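Let us learn to read a protein model one feature at a time.

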Amino acid sequence: MRILVIGANGQIGKMVVEKLKESEHDPVAMVRKEAQAEALHEQGIKTVIGDLEQDFSHAFEDIDLVLFTAGSGAKTGADKTILIDQEGAMESIDLAKEHGVKHFVMVSGMGVEKAREADDTMRPYMHAKFRADEHLKASGVPYTILRPGRLTNDAGKGSVDFYEYEGETRYGEVPREDVASVLIEIINAKPENKLYYLISGDTPVAEIL
């Protein structure tokens with residue numbers, strides 16, 4: 001598949017693109033800056049320049065699957081969070097539908113469905129992610145939503161607790177490297193219209209689906 005990775009310059013995005021490059025798939029890394037594109041070109045990775053705050057519809061030409069792992073980052077204010085994590089994500093979903101994308105994979109966040117209970121710092125992020133998730137569910141585009149726990153930079157363990165909601169959320173941490181590995185499994189299997197939660201656990205990543 002030809003896969004558009006939105007947020008390819010982020011920590012998880014970089015890992016996923018690297019893994020996709022070694023697979024049978026054809027990743028296209030969407031980045032905001034020419035310097036970022038040049039660095040990826042040197043690694044043999046296809047890129048497209050696109051800014052979620054501008055018109056980025058050109059990035060969706062001939063794309064089979066979209067992975068959205070972009071985020072405004074912890075250092076920005078609520079305004080950027082709404083522009084990137086909510087509006088940018090929702091526009092990406094609309095463009096995916098318009099261009100006939102076959103599957104959309106969304107990296108969300110654990111607990112976003114309880115945004116009103118979050119503190120003032122996290123509430124805009126939680127609301128933005130939840131609204132984007134709901135927009136994807138209603139879009140008609142086949143989707144998989146992944147809600148990982150608190151992200152760490154620890155080395156990946158290769159085993160996780162990957163589950164669908166059954167009345168109770170199991171909170172915890174998960175290394176970004178394991179999130180990237182799980183996303184590869186999702187991309188390969190394309191579980192349709194599913195929402196999964198993810199923390200570290202005992203199930204080998206290769207066996208989650």
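This is a predicted model: local features need pLDDT of at least 70, side-chain atom pairs count only at pLDDT 80 or more; totals for chains, interfaces and linings use all residues.

Q: Where does Val141 sit in the chain?
A: Val141 is in a loop, between α4 (123-139) and β6 (143-148).

Q: Which residues is Val141 in contact with, leaving aside neighbours within four places in sequence?
A: Contact means heavy atoms within 4.5 Å. Val141 is in contact with Ile93, Lys97, Val101, Phe104, Leu136 and Asn193.

Q: Now a helix residue. Is Ser181 buried or exposed?
A: Ser181 has a relative accessible area of 18%, so it is buried. Ser181 belongs to helix α5, residues 176-189. Leaving aside neighbours within four places in sequence, Ser181 is in contact with Lys19 and Val205.

Q: On to charges. How many salt bridges are there?
A: A salt bridge needs a side-chain nitrogen of Lys or Arg within 4 Å of a carboxyl oxygen of Asp or Glu. By this rule, the count is 13.

Q: What does the salt bridge between Arg32 and Asp51 tie together?
A: Check the distance, then the places. The closest N and O atoms of Arg32 and Asp51 are 3.8 Å apart. Arg32 is in the loop between β2 (26-31) and α2 (34-41), and Asp51 is in the loop between β3 (46-49) and β4 (65-68), so the pair ties together parts 19 residues apart in sequence.

Q: Which residue forms a salt bridge with Lys102?
A: Asp64 does, with the closest N and O atoms 3.0 Å apart. Lys102 lies in the loop between α3 and β5 (103-107) and Asp64 in the loop between β3 and β4, so this pair ties together parts that are 38 residues apart in sequence. Lys102 counts as exposed, at 55% relative accessibility.

Q: How exposed are the partners Arg123 and Asp120?
A: Arg123 forms a salt bridge with Asp120, and their closest N and O atoms are 3.0 Å apart. Arg123 counts as partly exposed at 29% relative accessibility. Asp120 is exposed, with a relative accessible area of 62%.

Q: Which residues are linked in a network of salt bridges?
A: Arg2, Asp26 and Lys46 are linked in such a network.

Q: Which residues gather in a patch of negative charge?
A: Asp55, Glu87, Glu91, Asp94 and Glu98 gather there, on the surface. Take Glu98, in helix α3 (residues 78-98). At 63% relative accessibility, Glu98 counts as exposed.

Q: Where are Lys190 and Asn193?
A: Lys190 is in the loop between α5 and β10 (194-200). Asn193 is found in the loop between α5 and β10. Lys190 is partly exposed, with a relative accessible area of 32%. Asn193 counts as partly exposed at 40%.

Methods. Residues are numbered from 1 along each chain as its sequence is written. Side-chain values use heavy atoms; hydrogens and water are left out. Patches are made of residues with over 30% relative accessible area and no salt bridge: like charges are joined within 9 Å, nonpolar side chains (Val, Leu, Ile, Met, Phe, Trp, Tyr) within 5 Å. Accessible areas come from the Shrake-Rupley method with a 1.4 Å probe; for residues, only the protein chains shown count as cover. Lys and Arg count as positive and Asp and Glu as negative; His and the chain ends are not counted. The place of a charge is taken as NZ of Lys, CZ of Arg, CG of Asp or CD of Glu. Helices (H or I, at least four residues) and strands (E, at least two) are DSSP runs, numbered from the N terminus. Buried means under 20% relative accessible area, exposed over 50%, partly exposed in between (1.4 Å probe, protein chains only).
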